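Student: I have a new model on screen. Can you walk me through how to read it?

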Amino acid sequence: MAIHFAGGTDQMYWTVPTVPQNIGCVAFKMKTTQVTANTAPLSYWNSSSRVGFGFICNNTTPNKILVVGYTTSSTQMINLESTTSINDGNWHSIAFNYNRNPGGACALFIDGVQEAAGNSAGSWVTVGSGYAICIGDNVSTFWASYIGDIAQIGHWTAQLTADEIAAIAKGFAPPRVRPANLIFHAPIIRETGELKAGFAATVTGATVSEHCRIVGPWF
């Protein structure tokens, strides 16, 4: 099963002991019909400063998804937006290739297709602690609560190729794609169903829902 968030305080997060890798890829699947102001279905940042990156359902261009990388809570180093509307009630595959070094190439993929690309405006390689991979109600209270479903989060220590990202979009689970670089996998078929990294999930509210199609292994 996937995890469904009904808004309010529904939340799931994994405390991460280190900052995000300087170069990597994060992918996940989401389903929503939400139309609201600036929700963050998934983020990987410091709860007190938003340093890191997050995926935002953006009210300024409704129905699209935006990925934003911050070096401080108000300084953006990368800002990429989809052309596909993702709030149609269908499962969508989201992937972000990132490079947090100055001028590093970044790209946003929706359903296996690259829809936006750009280079980091400067370094957003940040030291510190207090980082979390968070879904649902965000650890930063600036964002409205996400309403929808999330499944199959993967985090790699390298950027994935277009073919690998297309494979994820077709339903291959993260452990089948570049397994040597996979450092975090949360299939989210149950509350503590992490396969990779060994971080215990902290869960508030949330319920199970029908899972998208996946070619295993997934747990």
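Student: In the sheet, which residue of S7 does Val67 stand opposite?
Tutor: Val67 stands opposite Leu80 in S7. Keep in mind that this is a predicted model.

Student: How many bridges join S6 to S7, and which way do the strands run?
Tutor: Strand S6, residues 65-72, is joined to S7 by 6 bridges. The two run antiparallel.

Student: What is the strand order in the open sheet?
Tutor: The order is S7-S6-S5-S4-S11-S2-S14, 7 strands with antiparallel pairing. The sheet is open, and its edge strands are S7 (75-81) and S14 (202-204). Each of these edge strands pairs on one side only. From one strand to the next, the twist averages 15 degrees.

Student: Now zoom out. How many helices and strands does the protein chain have?
Tutor: The protein chain has 1 helix and 15 strands.

Student: What box do the C-alpha atoms fill?
Tutor: Roughly 40 × 35 × 35 Å, taken along the principal axes.

Student: What share of the residues counts as buried?
Tutor: Of the 219 residues, 55% count as buried. The accessible surface of the chain comes to about 8500 Å². Carbon and sulfur atoms hold 52% of that surface.

Student: What share of the contacts joins residues 24 or more positions apart?
Tutor: Start from the contacts with a separation of 6 or more. Residues 24 or more positions apart account for 67% of them.

Student: On to side chains. How many salt bridges are there?
Tutor: The cut-off is a Lys or Arg side-chain nitrogen within 4 Å of an Asp or Glu carboxyl oxygen. By this rule the count is 1 salt bridge. Glu164 forms it with Arg178, and their closest N and O atoms are 2.8 Å apart.

Student: Where do the two partners sit?
Tutor: Glu164 is in helix H1, residues 162-169. Arg178 is in the loop between H1 and strand S13 (182-186). The partners are 14 residues apart, and the pair links distant parts of the chain.

Student: Is Glu164 buried or exposed?
Tutor: Buried means under 20% relative accessible area. Glu164 is at 18%, so it counts as buried.

Student: And how does Arg178 count?
Tutor: Arg178 is at 24% relative accessibility, so it counts as partly exposed.

Methods
Residues numbered from 1 in each chain as written. Predicted model: local features only at pLDDT ≥ 70, side-chain atom pairs only at ≥ 80, totals over all residues. Heavy atoms only, no water. Pairing = 2+ DSSP bridges. Helix = DSSP H or I, 4+ residues; strand = E, 2+ residues; numbered from the N terminus. Axes fitted to C-alpha atoms, helices over the stretch in contact; angles between N-to-C directions. Buried < 20%, exposed > 50% of the residue type's maximum accessible area, 1.4 Å probe, protein only. Contact = heavy atoms within 4.5 Å. Areas by Shrake-Rupley, 256 points an atom, 1.4 Å probe, with all protein chains shown as cover.
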